[in-house]
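Please examine the sequence and the three-dimensional structure shown below.

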Amino acid sequence: MIKVDKPIVSVDWLHQNIDAENLIILDATIPKVGTKNEVKINKKVIPNTRFFDIKNTFSDKESQYPNTILSAKNFEEEAQNLGINKNTCIVVYDDLGVYASPRVWWMFKLMGFENIAVLDGGFPAWEKANFNTEKPKKNQFTKGNFIADYQSEKIKVTEQVLSATKNNTILIADARSKERFYGTEPEPRKEIRGGHMPNSVSLPYGEILSNGRLKSTEELKEFSKK
């Protein structure tokens, strides 16, 4: 049995532990914002990967907003359907490096699950290291015993965010591009107005990455001083 003690693991670590009994690898790939959802004919995955479908399975399809988190009960059921257990160690990655995978890490944290990490550099880093890959498989999994323990403090609802826009002791970070933050490029969805929330700061996710990997602690500390 293995456990992770930090939110990021390297492709070398995953390669060394890939045969661990309690390891489950999740592919959380979604299209990059503003691009079409095209099916890759020759898609490859890390061996024994299971697909974590953010858009169609792990989002509330009845919500008026896209990508709305599932209820704890529904999340628990869908995680069990993927064969996830209480003692599972999860490593999640995506095809774009570090893009959608941190969202899945946060989802599990929101549900009270701790033994999960993001693969630094994602599938591109795995492939660059010349580790084995395979074609995606459609498998039926033995239902797991995962239990959700919803952590309400890890998410904010509309009223709390509106209050935060008037509170200078709270930092609201906007992870979109600077162009979307300042409204100088159109939003990918026509119904969304350009610009940003009052009292928010621009922190584009791409600026905390270097060549598809998360910047080091030292680099992030220097970045925060800018």
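In β4 (89–93), the residue that bridges to L23 is C89. The model is a predicted one, in which local features need pLDDT of at least 70 and side-chain atom pairs count only at pLDDT 80 or more, while totals for chains, interfaces and linings use all residues. Residues are numbered from 1 along each chain as its sequence is written, and side-chain values use heavy atoms, with hydrogens and water left out.

The L23 bridge belongs to the pairing of β2 with β4, which run parallel and are joined by five bridges. Strands (E, at least two residues) and helices (H or I, at least four) are DSSP runs, numbered from the N terminus; two strands pair if DSSP finds at least two bridges between them. Strand β2 (23–27) also pairs with β3 in the parallel sense, over three bridges. Here D27 has F51 of β3 as its bridge partner.

How many of the residues of β2 are buried? Five of the five are, so β2 is largely enclosed by the rest of the structure. Buried means under 20% relative accessible area, exposed means over 50%, and partly exposed lies in between (1.4 Å probe, protein chains only). In a regular strand the side chains alternate between the two faces of the sheet. In β2, L23, I25 and D27 point one way, whereas I24 and L26 point the other way, and all are buried.

The open sheet as a whole is formed by five strands in the order β1-β5-β4-β2-β3, with parallel pairing. Strands β1 (8–9) and β3 stand at its edges; each has a single partner strand, so one side of each is left without a neighbour in the sheet. The parallel pairing of β1 with β5 (residues 116–119) rests on two bridges, and L119 of β5 is the bridge partner of V9. Helix α3 (residues 101–110) packs on the sheet and touches β2, β4 and β5. The direction of α3 makes about 175° with that of β5; such angles run from 0 to 180 degrees between N-to-C directions, with axes fitted as lines to C-alpha atoms, for helices over the stretch in contact.

Aromatic rings come next. A pair of aromatic rings is described by the distance of the centres and the angle of the planes. The structure holds 13 aromatic pairs, where rings of Phe, Tyr and Trp (its six-membered ring) pair if their centres lie within 6.5 Å; planes under 30 degrees apart count as stacked, over 60 as edge-to-face and the rest as tilted. F52 and F108 form a tilted pair, at 5.9 Å centre to centre and with 50° between the planes. Because F52 lies in the loop between β3 and α2 and F108 in helix α3, this pair ties together parts that are 56 residues apart in sequence. Both F52 and F108 are buried.

F108 also pairs with F75: the ring centres are 5.1 Å apart and the planes stand at 80°, so this pair is edge-to-face. The pair links distant parts of the chain, with F75 in helix α2 and F108 in helix α3, 33 residues apart. One aromatic cluster comprises F52, F58, F75, F108, F113 and F146.

In soluble globular proteins, nonpolar side chains tend to be buried together. The largest nonpolar core here has 29 residues, and those with the most contacts inside it are L26, F52, F75, I84, F108 and F146. A nonpolar core is a set of buried Ala, Val, Leu, Ile, Met, Phe, Trp, Tyr and Cys residues joined through side-chain atoms within 4.5 Å. The elements giving two or more residues to this core are β2, α2, β4, α3 and β5, and the largest share, four residues, comes from α3. Apart from this core lies another, of 19 residues, among them V4, L23, C89 and A125.

Two single residues complete the account. S59 is found in the loop between β3 (49–51) and α2 (72–81) and is buried, with a relative accessible area of 4%. The side chain of S59 reaches the backbone oxygen of I54 at 2.7 Å. A164, in helix α5 (residues 158–164), is buried as well, with a relative accessible area of 7%. The C-alpha atoms of A164 and P198 are separated by 9.2 Å, although these residues are 34 residues apart along the chain.

Terms used:
Polar contact = N/O pair within 3.5 Å; in protein donor to acceptor, adjacent residues only side chain to side chain. Contact = heavy atoms within 4.5 Å.
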